[in-house]
Amino acid sequence: MATSPHIRPDLQDVPSYRAGRRAAVDQPGRTYSLASNETIYGPLPGVAEAAATELEQPHRYPDAGVTALVQALADRCNVGPDWIATGTGSVAICQQAIVATCNPGDEVVFAWRSFEAYPIITKLGGAQAVPVPLRPDGTHDLSAMAAAITDRTRVVFLCSPNNPTGPIIASAQLDEFLESVPASVLVVLDEAYYEFALASVADPAELPDGVQLARERINVMALRTFSKAYGLAGLRVGYAVANPALTQALRKAALPFGVSAVAQATALASLQQEQEMRARVSETVRERDRVVEVVKAAGWEIPMPYGNYYWLGLGEQALDFAASCEAAGVTVRAFPGEGVRVSIGEGAANDRVLTVLARDFSR
Ligand SMILES: *Cc1c(COP(=O)(O)O)cnc(C)c1O
């Protein structure tokens, strides 16, 4: 007789999501988390008040249609509201995209290393992960990715800026790639760090705009999130922009009421603070450029960062480096054998990492 419920045997092959380690409670004298690409600013003005108002009615279900937020996003993106789908963070939308497109054995192509949720949600969906190695400079190898597409391919994830390495996919290369992908294959352009990238480029034309591409191409979906530049990682809300056939499929694959009332209200309030958000993003980008300058001056060649983080290709030293940072009171994100992703945080935290790097890991 069975002694426990049957669990899908293939679940054993699904890695668990590893979140960045949290630092011990922040306090003066203090420890810092540079492990999860969070911003260091508190909520944007008006956001805490919007949350408090929603908390007066916790016994009510949220608006299942997310009406006000969807309308505000549609206005901003210059599309109809049926072009927007929201989700419990954009990671949930990645999963909905797979649920909506893949049958068992279908293939999902993504660069690797990239966002660690891609292989997890692919396998959970019963689909086959097709990881395509990044180039040595941390960029997507788009010709190899195009070559990896078969008649079983249902989804291609593109991550720009790439997490964890940092580079964007350049507009011209992306256009060429999209031209080569059959219209039957969904291309999900994950732009979680779009706002940082926009503040990083000299000419906006260098940076692909997923919203624009989604309007031009029937098989492109742009993913954006409130977790990074808008600072709402704890409240879980992201969105897709794509044509109505695709957003409808996403909605069918979503759990009902996935975006809480507090998330809806705070995202809406955050959208009204565009200018302050951009000021914070610019500050982060300035600080990132300062830090990267020091890293490069120390002899490191690192991939060009466009998000609020940078990549150190430490290889076999990755875990040692993370341990040294932790001893210095800073958590960073190590990928054993590959490298370390370091978020941009408080100046003092960034400096501690630079100190560890110069002291024990010089090039
Ligand atoms: C942080 C991140 C996300 C967004 O996650 P949420 O679920 O919206 O919090 C998506 N993609 C990438 C590449 C990320 O780094």
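Where is Asn163 found? Asn163 sits in the loop between strand 5 (153-159) and helix 6 (171-180); helices (H or I, at least four residues) and strands (E, at least two) are DSSP runs, numbered from the N terminus. The model is a predicted one, in which local features need pLDDT of at least 70 and side-chain atom pairs count only at pLDDT 80 or more, while totals for chains, interfaces and linings use all residues. Residues are numbered from 1 along each chain as its sequence is written, and side-chain values use heavy atoms, with hydrogens and water left out.

Setting aside residues up to four places away in sequence, Asn163 touches Asn37, Arg113, Ser114, Phe115, Tyr193, Tyr309 and Arg341, where contact means heavy atoms within 4.5 Å. With Arg341 there is also a side-chain polar contact of 2.8 Å (a pair of N or O atoms within 3.5 Å; within protein, one must be able to donate a hydrogen and the other to accept it, and residues adjacent in sequence count only if both atoms are side-chain atoms).

Next comes helix 6. Its buried residues are Leu174, Phe177 and Leu178. Looking down the axis of helix 6, these buried residues fall within an arc of 95°, so they line one face of the helix; the arc is that of the directions from the helix axis to the C-beta atoms. An α-helix has 3.6 residues a turn, so residues three or four places apart point the same way. On the face turned away from the buried side, helix 6 carries the exposed residues Ala172, Glu176 and Glu179. The cover over its buried residues includes helix 5 (142-147), strand 5, strand 6 (186-190), helix 8 (210-216) and strand 7 (220-225).

Strand 7 is largely enclosed by the rest of the structure, because six of its six residues are buried. Val220, Ala222 and Arg224 lie on one side, with Met221, Leu223 and Thr225 on the other. Strand 7 pairs with strand 6 in the parallel sense over four bridges (two strands pair if DSSP finds at least two bridges between them), and Val187 stands opposite Val220. Strand 7 and strand 8 run antiparallel, joined by four bridges, and Ala222 has Val241 in strand 8 as its bridge partner.

Technical notes: Buried means under 20% relative accessible area, exposed over 50%, partly exposed in between (1.4 Å probe, protein chains only).
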